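Please open the model in your viewer and keep the selection panel at hand. The tour below moves from one selection to another and says what is to be found at each stop.

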Amino acid sequence: MLALLVADDPRRSADRILTNLIQIHQAQGGAILRLRKDQVEVWLSAGLSLAAGAELPVRWADHRDEVTAGRAVVEPGFALFPAMLDDEIVAALYLAQPEGLAPGDARVFGAAIAQAVRAADTPAAPRWVPEPNPTEQTRLQLMSLLQQHEWNIAEVARLLGVTRRTVYLRLRSFGIERKHVPKIYKKMPVPE
């Protein structure tokens, strides 16, 4: 179910979840802290002042043991929740000045945030790109040359290194109807 909450862009999904949490709990702002060995980094934040952002490492250092053990820390002015997948802590969720805090909601959202952080850390699988069809490439090349040279068959044949008859045969095989482009402007000598 959590995989459904995390779209193709996990960071954007986490941003939506964090924004909803801030609104639900009427917090002044929030952040997602990603754990890196013994350090923590601000992975995403919303609505935090510079002073509140600067306090994040201090808050983390003071409460690291409780949060990494899977326990929430709720104190006057802030709340810090573990974002866990199964029994492993992936990130931490920080809310500044929350009102009407419901720790149960934060756990559910924390699991979705953990899923997003994990998905962002996982390299994307390469997408399958179909092999180009050589016949289609030839047709597109022929159409491009014909349009560039105002449907001058002799010029296109010369550029392709084939005869005019071959160009006509290719037009027929691709089902392309020949266009007759009128020459509106004839080359006229410019008076000196």
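Begin by selecting Glu55, which at 34% relative accessibility counts as partly exposed, a class that lies between buried (under 20% relative accessible area) and exposed (over 50%), computed with a 1.4 Å probe on protein chains only. This is a predicted model, in which local features need pLDDT of at least 70 and side-chain atom pairs count only at pLDDT 80 or more, whereas totals for chains, interfaces and linings use all residues. Residues are numbered from 1 along each chain as its sequence is written, and side-chain values use heavy atoms, with hydrogens and water left out.

**Salt bridges**

How many salt bridges does the structure hold? There are 5, and another one of them links Glu155 with Arg158, the closest N and O atoms being 2.7 Å apart. Glu155 is partly exposed at 25%, while Arg158 counts as exposed at 56% relative accessibility.

**The sheet**

Now select the strands. An open sheet is formed by 5 strands in the order S2-S1-S5-S4-S3, with antiparallel pairing; two strands pair if DSSP finds at least two bridges between them. At the edges are S2 and strand S3 (73-75), each of which pairs on one side only. From one strand to the next the twist averages 20°, with axes taken as lines fitted to C-alpha atoms (for helices over the stretch in contact) and angles running from 0 to 180 degrees between N-to-C directions.

Show the helices against this sheet. Helix H2 (residues 10-24) packs on the sheet and touches S1, S2 and S5, its direction making about 70° with that of S2; contact here means heavy atoms within 4.5 Å. Helix H3 (residues 50-68) packs on the sheet as well, touching S1, S2, S3, S4 and S5, and its direction makes about 50° with that of S4.

**Strands S1 and S2**

Zoom in on strand S1 (residues 29-36), in which 7 of the 8 residues are buried. S1 is joined to strand S2 (residues 39-46) by 7 bridges, the two running antiparallel, and together they form a hairpin with 2 residues between them, where Lys37 in the turn has a positive phi of about 50°. Select Arg34, whose bridge partner in S2 is Glu41; the two side chains also form a salt bridge, with the closest N and O atoms 2.5 Å apart. Arg34 is buried at 12% relative accessible area, whereas Glu41, at 30%, counts as partly exposed.

Now pick Trp43, over whose ring sits the charged end of Arg11, 4.7 Å from the ring centre; such a placement requires NZ of Lys or CZ of Arg within 6 Å of the centre and within 35 degrees of the ring normal.

**Strand S5 and its neighbours**

Move to strand S5 (residues 88-96), which pairs with S1 in the antiparallel sense over 6 bridges. Ala31 has Tyr94 as its bridge partner in S5, and Gly29 stands opposite Ala96. Of the 9 residues of S5, 8 are buried, so S5 is largely enclosed by the rest of the structure.

S5 is also joined to S4 by 8 antiparallel bridges, among them the one between Ala83 and Ala91. In the hairpin of S4 and S5, with 2 residues between the strands, Asp86 takes a positive phi near 55°. S4 pairs in turn with S3 over 3 bridges, in the antiparallel sense, and Leu80 in S4 is the bridge partner of Val73.

**The aromatic pair**

For the last stop, find the 1 aromatic pair that the structure holds. The rings of Phe78 and Tyr94 have centres 6.0 Å apart and planes at 20°, so the pair is stacked; rings of Phe, Tyr and Trp (its six-membered ring) pair if their centres lie within 6.5 Å, and planes under 30 degrees apart count as stacked, over 60 as edge-to-face and the rest as tilted. Phe78 lies in strand S4 (residues 78-85) and Tyr94 in S5, so the pair ties together parts that are 16 residues apart in sequence. Are these two residues buried or exposed? Both Phe78 and Tyr94 are buried.

Methods:
Helices (H or I, at least four residues) and strands (E, at least two) are DSSP runs, numbered from the N terminus. A salt bridge is a side-chain nitrogen of Lys or Arg within 4 Å of a carboxyl oxygen of Asp or Glu.
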